[in-house]
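User: I would like to learn how to read a helical model feature by feature. Please give me the general idea each time, then the case at hand.

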Amino acid sequence: MSRPLLDLLTQEVSAVGEYIELLDQEANALSDSNFANLPVLAERKSTLADHISGLGRRRDQEQLALGYPAGRAGTEAACAGAGPALAQAWADLLTCATLASSRNQRNGVMIHAHLDFTRQTISFLQNSGQPLYGPDGGHRPGTGGGSRLARG
């Protein structure tokens, strides 16, 4: 068993776990319409994704040094006969990667739903032909379809 390869896989599992936590925070921000938090989360996700990529490159280098090819096929070959600890770390990484992918896809759907709603709202407002609010921010009469319920 290669201790450096095991260490790299363990670090990747941890980093992808952190990434999943950020994806969950992003989903919560989207669900709560807390859009102000999204830029900070996006920055943290980007930084962490770069870190995960760097760990993957280091893992590829370690595999090459051990005589295995880079990439997934090389990791699988290196882990196949190297003992249960390495095989478990690889299985854990694959599980985390699958979970991160599904959560990322979920967030993408949520983002697109918000964008579609915003586009439809803007289109409705632009196509109505009349501004809903005047320069003072007050509601303009005649823009709604119903009667005024209260007079102030």
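User: What should I know about the model before reading any values?

Analyst: This is a predicted model: local features need pLDDT of at least 70, side-chain atom pairs count only at pLDDT 80 or more, and totals for chains, interfaces and linings use all residues. Residues are numbered from 1 along each chain as its sequence is written, and side-chain values use heavy atoms, with hydrogens and water left out.

User: How many helices and strands does the protein chain have?

Analyst: Start with the definition. Helices (H or I, at least four residues) and strands (E, at least two) are DSSP runs, numbered from the N terminus. Here the protein chain has four helices and zero strands. From the N terminus on, the order is α-α-α-α.

User: What share of the protein chain is buried?

Analyst: Buried means under 20% relative accessible area, exposed over 50%, and partly exposed in between (1.4 Å probe, protein chains only). Of the 152 residues in the protein chain, 28% are buried.

User: What span does helix α1 reach, and what is expected?

Analyst: The expected span is 1.5 Å times one less than the number of residues. Helix α1 covers residues 3–31, which is 29 residues. From first C-alpha to last, α1 reaches 42 Å, close to the 42 Å expected.

User: Which side chain reaches a backbone nitrogen at the start of α1?

Analyst: Polar contacts are the idea here. One is a pair of N or O atoms within 3.5 Å; within protein, one must be able to donate a hydrogen and the other to accept it, and residues adjacent in sequence count only if both atoms are side-chain atoms. At the start of α1, the residue is serine 2. Its side-chain oxygen comes within 3.2 Å of the backbone nitrogen of leucine 5.

User: Which residue with a positive phi follows α1?

Analyst: Serine 33 follows α1. Its phi is positive, about 55°, although serine 33 is not a glycine. Serine 33 sits in the loop between α1 and α2. With 44% relative accessibility, serine 33 is partly exposed.

User: How do I read the packing of two helices?

Analyst: Two packed helices are described by the angle between their axes and the distance between the axes. Axes are lines fitted to C-alpha atoms, for helices over the stretch in contact, and angles run from 0 to 180 degrees between N-to-C directions. Angles under 35 degrees count as roughly parallel, over 145 as roughly antiparallel, 65 to 115 as roughly perpendicular and the rest as oblique. Take α1 and α4. Their axes come within 9 Å and cross at roughly 20°. Therefore α1 and α4 are roughly parallel to each other.

User: Are α2 and α3 parallel or oblique to each other?

Analyst: Helix α2 spans residues 38–65 and helix α3 spans residues 71–80. Their axes come within 10 Å and cross at roughly 55°. So α2 and α3 are oblique to each other.

User: What is the handedness of the α2 and α3 crossing?

Analyst: A crossing is left-handed if the near helix is turned anticlockwise from the far one by less than a right angle, and right-handed if clockwise. The α2 and α3 crossing is left-handed. The crossing of α1 and α4 is left-handed too.

User: Where does alanine 77 lie?

Analyst: Alanine 77 is in helix α3. Its relative accessible area is 35%, so alanine 77 is partly exposed. Its C-alpha is 9.3 Å from that of glutamine 63, 14 residues apart along the chain.

User: How many salt bridges does the structure hold?

Analyst: Side chains of opposite charge can pair when their charged atoms come close. A salt bridge is a side-chain nitrogen of Lys or Arg within 4 Å of a carboxyl oxygen of Asp or Glu. The structure holds seven. One of them joins aspartate 7 and arginine 3 (3.4 Å, N to O). Both lie in α1, four residues apart, about one turn of the helix. Aspartate 7 is partly exposed at 32%, and arginine 3 is partly exposed at 49%.

User: Which salt bridge links distant parts of the chain?

Analyst: Aspartate 24 and arginine 103 meet in a salt bridge (2.7 Å, N to O). This pair links distant parts of the chain: aspartate 24 is in α1 and arginine 103 in α4 (residues 84–127), 79 residues apart. Aspartate 24 is partly exposed at 25%, as is arginine 103 at 23%.

User: Where do arginine 119 and aspartate 116 lie?

Analyst: They are three residues apart in helix α4, about one helical turn. Arginine 119 is exposed at 52%, whereas aspartate 116 is partly exposed at 39%. Elsewhere, salt bridges that share partners join Asp24, Arg103 and Arg106 into one network.
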